[in-house]
Amino acid sequence: MAGSINEAVRLYKSRRYEQALRVLLALEDDPADNVEISYYLGLCYTQLKQYDDALLYLEQVVTNHGSLLQIYQSRMVLSLIYAVTDRYRLAKFELDQLIGGGYESSQVFTVYGYVLYELSQIDESLKMLQKALTLDPDNATALNSLGYIMADKGLDPATAVNYCREAVKLRPESFACLDSLGWACFKAGRIEEARTYLRRAMELSGGHPVIARHIRTVLDTIDY
């Protein structure tokens, strides 16, 4: 039995998620009675973007008292799933549990900042992102989020550009970072720079609707 679980873990760590999932589902133990199986089933389903299944197994880890690390990791993944599926209050609950349990990291504060932004708690969102950068000044996601939010809300556009520029330095091929930099440049009145970055973001994204909307907004301000 242990060897079979070990094989699934090996496949998972090799990013062979579908193969790992097949091994886990073939095990005789009921995942409800085996936290280790539930944990890796949840992670596999998350990687495969089968979020409803992932939630089922990750919740089992939390409620069935897995190891402290497994519980923390499961709550972190749960918060990410809830965030990407627009269930922000549930994401906030999981993040509150993490922070309340003493698990503070740059990643936790970064996700929390995004969730609070979506809940229109802008001041608290910015504080969380600043905390993330205090722990990890090279956190590109936190830099990008902080710059975008400040630009989008008209809060010190010049500083917003600087944050976004640092994010692009760390992730030069990220369409999300390029979009944020373009949007921040637009908000700071740097129209030509905005067009350049947004067009590059559009190329890399393959036509993301948010980027398209930003480009239309920029073009509408140009007097031909």
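Biologist: Which residues have the most contacts inside the largest nonpolar core?

Modeller: They are Tyr12, Leu24, Tyr40, Leu41, Leu95, Val115 and Leu146, in a core of 75 residues. The model is predicted, so local features need pLDDT of at least 70 and side-chain atom pairs count only at pLDDT 80 or more, while totals for chains, interfaces and linings use all residues. Residues are numbered from 1 along each chain as its sequence is written, and side-chain values use heavy atoms, leaving out hydrogens and water.

Biologist: What makes a set of residues a nonpolar core?

Modeller: Its members are buried Ala, Val, Leu, Ile, Met, Phe, Trp, Tyr and Cys residues joined through side-chain atoms within 4.5 Å. Helix H3 gives the largest share of this core, eight residues.

Biologist: With which residues is leucine 41 in contact, its neighbours within four places in sequence left aside?

Modeller: Leucine 41 touches Leu21, Leu24, Leu25, Pro31 and Tyr57, where contact means heavy atoms within 4.5 Å. Across the protein, 45% of the contacts between residues at least 6 apart in sequence join residues at least 24 apart.

Biologist: How many helices and strands does the protein have?

Modeller: There are 13 helices and zero strands, taken from DSSP as runs of H or I with at least four residues and runs of E with at least two, numbered from the N terminus. The C-alpha atoms fill a box of roughly 70 × 35 × 25 Å along the principal axes.

Biologist: Why is threonine 134 called exposed?

Modeller: Exposed means over 50% relative accessible area, buried under 20%, and partly exposed in between, with a 1.4 Å probe and protein chains only. Threonine 134 has 64% relative accessibility and therefore counts as exposed. This residue is found in helix H8 (residues 122-135). Buried residues make up 47% of the 224 residues in the protein.

Biologist: Why does arginine 15 count as exposed, and where is its place?

Modeller: Its relative accessibility is 68%, so arginine 15 passes the limit for exposed. The place of arginine 15 is in the loop between helix H1 (2-13) and helix H2 (17-26), and its phi is near 65°, a positive value in a residue other than glycine.

Biologist: Is serine 120 buried or exposed?

Modeller: Serine 120 is exposed, because its relative accessible area is 62%. Serine 120 lies in the loop between H7 and H8, with a positive phi of about 65° although it is not a glycine.

Biologist: What makes a space a pocket?

Modeller: On a 1 Å grid over the protein atoms alone, a pocket is an open set of points where a 1.4 Å probe fits, with protein on both sides within 12 Å along at least five of seven lines; lining residues have an atom within 4 Å of a point. The largest pocket holds about 910 Å³ of space, its volume being the space filled by probe spheres set on the points, which are joined across faces, edges and corners. Its lining has 23 residues, with Tyr114, Thr141, Asn144, Ser145 and Ala176 nearest the centre.

Biologist: How do the lining residues of the largest pocket divide by class?

Modeller: They are 13 nonpolar, seven polar and three charged. Ala, Val, Leu, Ile, Met, Phe, Trp, Tyr, Cys and Pro count as nonpolar, Asp, Glu, Lys and Arg as charged, and the others, Gly among them, as polar.
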